[in-house]
Number of protein chains: 2
Amino acid sequence: MSLRSEERRADIVRAALEVIAERGYRGATLGAVAQRVGLTQQGLLHYYPTKEALLIAVLAERDQWDAVPARVWRLDLLRSLVEYNAMRPGIVQTFSALLGESVTEGHPARAYFTERYASVRPSMAAVLRAEYGDRLPSGLTPEQAAPLLVAVMDGLQYQWLLDPDAVDMAAAFGNFLRLLEGPSAQG
Amino acid sequence: MSLRSEERRADIVRAALEVIAERGYRGATLGAVAQRVGLTQQGLLHYYPTKEALLIAVLAERDQWDAVPARVWRLDLLRSLVEYNAMRPGIVQTFSALLGESVTEGHPARAYFTERYASVRPSMAAVLRAEYGDRLPSGLTPEQAAPLLVAVMDGLQYQWLLDPDAVDMAAAFGNFLRLLEGPSAQG
């Protein structure tokens, strides 16, 4: 891919992120993104042939921006990430909607999410090990707790997106961290 | 609605559940369901005007079948429910895909899921209170732990659907129950 082409793709992904933030998942049509970046829809299709392909590129780009070097990650940074996510419902909605679709047969986002979880679970296990060593207070290993940590983050996003007044996502995630901490964290 | 019409709707929902179990979310087209129940697609549309409307009816019917009287619910029954779900990927996939879509603007399943969570969270809080009283070993209240319990069940379903070999959903949920139990459950 030429440098020019790479730049154009980066422009498109940035424009898509803006449109998602403003109009949400459904409003982020290829037409709206093309207009934002000054391309015809046909021109946009040259770079991203489907809406799914574009949204996967947006999520992968977010993963890059959110990435923290492994040695720096700490559990309390995860809480900050959840608080930050609560301020950007558009991208969280895009992630959650695409994750939902990805579990259906032959969906183009399936590989992205499968690989993402295959890499996120060990990353989270490493964070938990740095915090607790080989056993959490509950007796679980970091490898046992990691899928639960990821599941709670994803699951809370759905409850929060559906009913933001009923679910305080950051507070709920903080409660999960207390659960990991165990009784010693009381008082 | 006439009795005849109600029976026909029940037949359609049952047929849809069968088609989902055999062919998954994408394979469960209105045409396939109509054929199974011996209706034209036009005839089916009279009862369920969209695929989403039919799938919501299927999920609501599952809620009825899965319902356990409040006084009978126990945490270990939840583990059995997760084990049971691991044997019916079609309906779990349908739930997860539709939950994903429901967070997008104006989706027809949004009200179903919002109301479902508004009722499931207090139900789960009641189960936790029956088990632990007003405080869990971690110090959380049942009302604080309930959204986490629901989030873990939903979130694990995505990880499991994407990669069933990597994630043992029932074992992972069992680990979450150990987490609720706290250190006293060790050994």
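Modeller: Let's begin with a term: helices here are DSSP runs of H or I with at least four residues, strands are runs of E with at least two, and both are numbered from the N terminus. With that in hand, go to G27(A), which sits in helix α1 (residues 3-27) of chain A. Keep in mind that this is a predicted model, where local features need pLDDT of at least 70 and side-chain atom pairs count only at pLDDT 80 or more, while totals for chains, interfaces and linings use all residues. Residues are numbered from 1 along each chain as written, chains are lettered from A and ligands numbered from 1 in the order written, and side-chain values use heavy atoms, leaving out hydrogens and water.

G27(A) is partly exposed, at 21% relative accessibility (buried is under 20% relative accessible area, exposed is over 50%, and partly exposed is in between, using a 1.4 Å probe on protein chains only). If you skip the neighbours within four places in sequence, G27(A) is in contact with V19(A) and A32(A), contact being heavy atoms within 4.5 Å. Compare A172(A): that residue is 145 positions along the chain from G27(A), and their C-alpha atoms are 29 Å apart.

Now the stretch around it. UniProt, in an unreviewed entry, lists residues 6-66 of chain A as "domain: HTH tetR-type"; such positions are given in the numbering used here, feature names are shortened, and annotations may be inferred rather than shown by experiment. That span is 87% helix and 0% strand, and its end C-alpha atoms lie 21 Å apart.

E18(A), E22(A) and R36(A) are joined in a network of salt bridges, a salt bridge being a side-chain nitrogen of Lys or Arg within 4 Å of a carboxyl oxygen of Asp or Glu. Over all chains, the structure has 16 salt bridges. One of them pairs E83(A) with R79(A), with the closest N and O atoms 3.2 Å apart. Those two are four residues apart in helix α5 (residues 75-85) of chain A, so about one helical turn separates them. Both are partly exposed: E83(A) has a relative accessible area of 36% and R79(A) has 30%.

Another bridge joins R129(A) and E143(A), at 2.8 Å from N to O. R129(A) belongs to helix α7 (residues 110-132) of chain A and E143(A) to helix α8 (residues 142-162) of chain A, so this pair ties together parts 14 residues apart in sequence. R129(A) is partly exposed at 32%, and E143(A) is partly exposed at 44%.

What about chain B? Chain A can be laid on it with an RMSD of 0.0 Å, by a turn of 180° and a shift of 0.0 Å along the axis. That's the relation of a two-fold axis. Such copies are superposed by least squares on the C-alpha atoms of residues with pLDDT of at least 70 in both. In chain A, the C-alpha nearest the axis is that of G100(A), 2.0 Å away from it. Both copies use the same surface, as 100% of the contact residues of chain A recur in chain B. Chain B also has a salt bridge between R79(B) and E83(B), at 3.2 Å from N to O.
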